[in-house]
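Subject: Structure for you to look at

Hello,

Please find the structure below. My notes come after it.

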Amino acid sequence: MPQTTMTLEPVATHTPLEIDDQEYDAAVLAPIIERDGEDHLLFTRRADHLGEHPGQMSFPGGGTEAIDETILDTALREAYEEIGLEAHEAEVVGQLDDIRTITEYAVTPFVARVPDREYERDAAEVAEIVVLPLSGLLDPDNYEYERRDHPYYGDIVIHYFHVDGYTVWGATGRILVQLLELTTSFEAPEHVERSEY
C-alpha cells in the first residue's frame, strides 16, 4: 500500500541548487494539505486561454515583480493571487532545487503545509483548484515516463502522474519528482532504454 504521509525534514534540511543564468525568475509554492489523515498536494489547472502552458497542471506561482523583496515573497504573493492563500497560513518547510523552463525562467519551488479549507481561484488565471492524494501520486500504476531529446538540454526524462483524471507533467512533474524523492520512498527511474519507445 502506498505511503499516505510525507516526511518533511529532508526538505527542511535540503540545500537547494540555484540557477542564475535565465532571462526571468519565478517561484511556486507546493502546498501540502492533510485531509482524512492523509497528505494531499494542491495544484492549479491553468486557464485554457493563457499564453504559456494553457490547461496544464501546476503549483500556484509565477514571475517575480518589483514589489517582491525575496523569491519567497513571489511564491506567497502568487499563491494569494491565484488561490487566496494568506501568507500567514503557509507553514513554509523549505526550498527545492531551481529548475529551468523552456520559456527561459528559473523557477524556485517552495514547500509549505497549508490549511485544509476551501480556496478561491482567480478565474483569470486558474481554471480549477485540484487536490490530489499522496497515495495516488505514489501509485506505480499512475506513473509513467519517457525520454526525449530536448533542443536545449539534450537527453531528458519527462514524468507523468495520472491521478483522478488529471495529469501532472512538465516542469511541475519535475518539481513533484524531487519533492516525492525527498519525502517518500518514491524513486524516479534513472535509465530508460530508447528502444522502449
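What follows is a short account of what was found.

This is a predicted model, in which local features need pLDDT of at least 70, side-chain atom pairs count only at pLDDT 80 or more, and totals for chains, interfaces and linings use all residues. Residues are numbered from 1 along each chain as its sequence is written, and side-chain values use heavy atoms, with hydrogens and water left out.

The protein has four helices and 11 strands (DSSP runs numbered from the N terminus: H or I of at least four residues for helices, E of at least two for strands). Of its 197 residues, 47% are buried (under 20% relative accessible area with a 1.4 Å probe, protein chains only; exposed is over 50%, and partly exposed lies in between).

The largest nonpolar core contains 31 residues. Such a core is a set of buried Ala, Val, Leu, Ile, Met, Phe, Trp, Tyr and Cys residues joined through side-chain atoms within 4.5 Å. Helix α4 (170–183) is one of the elements that supply at least two residues each, and its five residues are the largest share. L137 is among the residues with the most contacts inside this core. Beyond its neighbours within four places in sequence, L137 is in contact (heavy atoms within 4.5 Å) with residues including F43, F161 and L180. A second, separate core of 14 residues includes A27, L42, A79 and Y119.

V131 lies in strand β8 (residues 126–133). V131 does not count as buried because its relative accessible area is 22%, which makes it partly exposed. V131 and R35 are 96 residues apart in sequence, and their C-alpha atoms are 9.8 Å apart.

Regards
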